[in-house]
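Dear colleague,

Please find below the structure that I am handing over to you, followed by an account of what was found in it.

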Amino acid sequence: MKKFRKVLDGLTTSSPGGTIGSPSCGSAAGTPTAAPTPKEIDVQETLVSENFQLCKTVRHGFAYQPTALAFDPVQKILAIGSRSGGVRILGRPGVDCYCQHESGAAVLQLQFLINEGALVTACADDTLHLWNLRQRRPAVLHSLKFNRERITFCHLPFQSKWLYVGTERGNTHIVNIESFILSGYVIMWNKAIELSTKTHPGPVVHLSDSPKDEGKLLIGFESGTIVQWDLRAKKADFRIYYDEAIHSVSWHHEGKQFMCSHSDGSLTLWNLRNTTKPFQVTFPHGKIQKDGRKESCKPILKVEYKTSRSSEPFVIFSGGLSYDKAGRRPALTIMHGKAITVLEMDYPIVEFMVLCETPYINEVQEPYAVVVLLEKDLIVVDLTQSNFPVFENPYPMDVHESPVTCTAYFADCPPDIIPILYSIGAKHKKTGYSQKEWPVSGGTWTLGSHTYPEIIITGHADGSVKFWDASAITLQMLYKLKTSKVFEKPKPGEGRAAELVEEDPFAVQMVSWCPQSRIFCVVGISAHIILYRFSKYDANTQIVALEVRLQCESEDVITPSENENNPCFSEPGSHSPQPHHQYPVSPGSRTPESGKDSIPCLKVKERVVRVPPGYQSDLVIQLLWVDGEPPQQITSLDINSAYGLLAFGNCNGLAVVDYLQKTVLLCMSTLDLYGATDPYQRLTRSPRRNRQSTSGLTELTDNQQSVDMERSKSPTSDHVNGHCTSPTSQPCSAGKPRIPMGPEGPRLTRRGPGRPPFRKAQSAACMEISLPVSHTEESRENSFSRSRSSSVSSIDRDTKEAVTTLQFGESYGRKSDAFPTPCLWVGTSLGVVLLIPMSIPNDQEERMEEPVTIGPSGAVQMLKGSVLRFGFLDCMGALIQSPYEVWRDTNAPEDPDRPRKRKLVHFSPSSSQEACGEGHLAVVCSERQAKVFLMPSQSCLFVHNITESSFVLRADVVSVCNSVCLACFCANGHVMTLSLPSLRPLMDVNYLPLTDMRIARTFCFTNGGQALYLSSPTEIQRITYSQEMCDNLQEMLGELFTPIETPEAQNRGFLKGFFGGNAHTFDREELFGEAAAGKASRSLAQHIPGQGGVEGMKVAASGAVGELARARIALDERGQRLGELEERTALMMTSAETFSKHAHELMLKCKDKKWYQF
């Protein structure tokens, strides 16, 4: 049977046109086919494998699922740990670094080595890591894996090289930061508590040294036990047993008092003079009820007790709100003297940290800000002003403000577009921020020499679209557009329109932007398209709405009551955009309710609306409900400003709209587009059965036959949660598999009357794959990157196919054409390429009055899998851009001397090469293969089977190193580049094993060797596949560490020094070193040396290129380390000179004093 199908496959592929049917069409990668190669296309390809290397550049957005927070008060840099093992380090704008633990274990705690350029991370797999921040790409220097105990808390005193580590068993271990080896000194839990205590005190939840004496360590146990341990005497000074569980402890800077937060919502203040009971107990949010009892309160998870010279101390804590008040938002409470301020947050508080002027714990703290890490945001509160305003966040932390549903990436934009978008977006910025500078200002960053204007566009579930300035590896929001403002708000009970989408009816599925003409198109989940024009002036406009009936089922063609076929689409031609214009439908599809159902999903505002400067809606196109069925989602879109045309397609067919005249030019099913050149022998449809007159729906009869799944169908064309989610979507029928109907042929399932076509708009960040169940051996793996047959047999093909990609451009619609004309290239989910020529009036006045004529030419080509991308090259191998209209502001005041005319820019393939002869090259890429055709002869010059075991998710023809290549991203995580036009493989890197639909939906390439995808629901990851950019990356990244002299400690007065204990004589080395404490048990923890900064080598290409890259990076790092060593040596010399000077001054000052004068 397989052999028979292969024979049919060969017949099918060879039938259209006869130009690509030679056996060599399935030839090896990059080899020319049997078609003769003309002399004119002897292209000198300049790209070689050495031009490509894949590496991550920068990650933008908010750290997903954050768990920990740390701040270096001298370097002024901030670190955020996450549940997936990521660490984000932030400084001044431009200084933004992402590191990832190889284990992927959650980060429990972060500790900076203050002003040392290092960071300690404690992870959930009970491993400590030391990161070197003195290089632009931080790397792990040491790791220490605890084998028998679980880490619960860490504390590193300022200017100490000994790290205290508390464990779940209640023990405290000490780690040398320099060698990352455990000391033999251990504080065992049973020594810390009294021998008479019968119960275990619980895990260690707090460790801190006393501000008064560094030789005293305060240990807090979860059960409520607090012990001050004398490190020298190796015994407890005092023990406190409190009956409420402890969550955190904070010292007063004098070291005489400390405050604890508890699980009952109370704060206790303890005085060291009397530790038998708390000096003060307060319930900040626990009011006394009528019966005399206090309200029960939630736990206070953390408290910080900070002193100030000029005012009362600050007590800042999270949690502690009463249980009684339901629906209260998470809050941070600031107690300053008698004033209590409650700051309500939008999301739960993960961690907070008070920023103080001094790094010394025994000095007046002078708090000036609070950093609050929320589940989905980062806020910094200004403590220096009485109303506690927040600082304006300079980082793009709000990428996920509404879930991201699609992305687009544009490199090398027109230079004037970014300032214009910024100036308009700045008018809508929020106010009320603190006037002070953002306090996280560490590191250095300079604008690199390899920068050009880049813009990232994100579409969101609430219908908003954001434009971001992505130049020079930074990200800054320029402009926000709300597409929902075009529509009336859906009201409950408004018939079909209200039933359509339960949530997110305005979610953005696709965007198309022409930076030159500034025309912008948005495709929404409710089967609508909005076309926007850009203007610097506000205007009063009436939104023009076009309603298109694009809802044809193949089964509608034959009905029991008729013997002839009546297509359910209108004939091609112009239609006036009258509201609710009905296009002809087949008589068999009429029901008593069908008139009521011919409505769009959303209601466009009919009144005149005032629109601000920026993007202003020019046209709204909506697909209509037909015959009780909702419109299928739009799967492809292209717009051309020079032609004034917009084309879109879905599972049912193709429509072309003239947006200048506001008319529908073409609206027909994909099958009708073929005419007589249909490459498939479609099976005859059986008459309808079980027709229900009440709902006008066709139901399937119960049939228990095995599911026959389309074997070449990729998961991108499967259904996600009941609706199409991909530009390569197949017929949308509630995500059910197709069931054969016996000898009459397969029938498509259809949606029941009560079921909406799509539920909550699927964010690209949270899509999950639900593949149809199949009994074929091939799909039993049920994985996203499963192997699939590339059969194109008509036996198991469905007649219905989706339009998956569209491209306007100057081309040759027919083989006989001598000159290029405007054409529309159409690609379908069955691997078919159609070429539709158009006739567009040239004169501006004629263009606004005369109709554009469109006629399918019958030119058909075939590829394996859904068609994903078109690209056009001239015969010299240079990229041909689509023609465009130069932007003009339609709302600008009229100038009688200079009337506004349409200025068009054309890139005709014939004008750029007189010497090369006529014609151009067309590059077509599908899920399985790429082909290069010579136009107008339509002969296939080169073919390359990209993948057999997987399928391509995204493909783009891009400019790299002054040349052009085809970049592909496959479902198995491979990123590939192919030369053009010969389709030679240049790079193939196994970069990213794909696990969810989020990456598939958001991955996109752009020029300059860059790409991006949504690495988590809140973060955008940018990567480069250009060797040149990898080489220049070190120059583009910010420096995390800058040499800063540590601030000197304040002079302690004579009495304080005399009576305040001998804190400065405490030598930890004497106590914890190997000579005094001995070695720790080897089985307790295992030391793992770090990678030394070669963490990026995994993604380097294999072979000679990879080896060269490794050598180059090693040399760079060596040079960097030598430079750092030089800096450190210079700092040490300066420090030594300063010390010598101070010592000499002190000697001169004190040499004549008597002992009692000190």
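In this predicted model, Lys903 sits in the loop that connects strand E53 (884–885) to strand E54 (904–905). Is Lys903 buried or exposed? Lys903 is exposed, its relative accessible area being 55%; the threshold for that class is over 50%. Beyond its neighbours within four places in sequence, Lys903 makes contact with Tyr884, Glu885 and Val886. The C-alpha atoms of Lys903 and Trp887 are 8.2 Å apart, while 16 residues separate the two in sequence.

As to the protein as a whole, its secondary structure consists of 13 helices and 65 strands. Of its 1158 residues, 58% are buried. The accessible surface amounts to about 48900 Å², and carbon and sulfur atoms account for 52% of that surface. Among contacts between residues at least 6 apart in sequence, 62% link residues at least 24 apart.

Helix H3 has Ile417, Ile418, Ile420, Leu421, Ile424 and Gly425 as its buried residues. Viewed down the axis of H3, these buried residues fall within an arc of 165°, and they therefore line one face of the helix. The cover over the buried residues of H3 includes strand E31 (454–460), strand E32 (464–469), strand E33 (476–482), strand E34 (508–514), strand E36 (528–535) and strand E40 (614–623). Ile455 also deserves a mention here: leaving out residues up to four places away in sequence, Ile455 touches Ala408, Tyr409, Phe410, Cys413, Ile417, Ile418, Leu421, Phe467, Trp468, Ala470, Leu478 and Trp513.

Several strand arrangements may be of use to you. Four strands make up an open sheet in the order E3-E4-E5-E6, and their pairing is antiparallel. Strand E3 (66–72) and strand E6 (96–100) are at the edges with a single partner strand each, so one side of each has no neighbour in the sheet. On average, and with direction ignored, neighbouring strands of this sheet are turned by 15° against each other. Within the sheet, strand E4 (residues 77–82) pairs with strand E5 (residues 86–90) over four bridges in the antiparallel sense, and Ala79 has Ile89 in E5 as its bridge partner.

Another open sheet of four strands runs in the order E41-E42-E43-E44, again with antiparallel pairing. Its edge strands, strand E41 (634–640) and strand E44 (663–669), each pair on one side only. From one strand to the next, the twist averages 10°. Strand E43 (residues 653–658) pairs with E44 over six bridges in the antiparallel sense, with Ala655 standing opposite Cys667 in E44.

Strand E27 (residues 349–356) is mostly covered, since six of its eight residues are buried. An antiparallel pairing over seven bridges joins E27 to strand E28 (residues 367–374), where Leu355 faces Ala369 of E28.

Finally, some backbone features call for attention. Most residues other than glycine have a negative phi, and most peptide bonds are trans. Asn115 is not a glycine, yet its phi is positive, at about 60°. Asn115 belongs to the loop between strand E7 (107–113) and strand E8 (118–123), and with 6% relative accessibility Asn115 counts as buried. Gln159, also not a glycine, has a positive phi of about 60°. Gln159 is placed in the loop between strand E11 (151–155) and strand E12 (162–167), and at 56% relative accessibility Gln159 counts as exposed.

Where are the cis peptide bonds to Pro936 and Pro981? The bond from Met935 to Pro936 is cis, with omega near 10°, and Pro936 is in the loop between strand E56 (929–935) and strand E57 (939–945). The bond joining Leu980 and Pro981 is cis, with omega about 5°, and Pro981 is in the loop between strand E60 (974–979) and strand E61 (985–990).

With kind regards

Conventions: Residues numbered from 1 in each chain as written. Predicted model: local features only at pLDDT ≥ 70, side-chain atom pairs only at ≥ 80, totals over all residues. Heavy atoms only, no water. Contact = heavy atoms within 4.5 Å. Helix = DSSP H or I, 4+ residues; strand = E, 2+ residues; numbered from the N terminus. Buried < 20%, exposed > 50% of the residue type's maximum accessible area, 1.4 Å probe, protein only. Pairing = 2+ DSSP bridges. Axes fitted to C-alpha atoms, helices over the stretch in contact; angles between N-to-C directions. Arc of directions from axis to C-beta. Areas by Shrake-Rupley, 256 points an atom, 1.4 Å probe, with all protein chains shown as cover.
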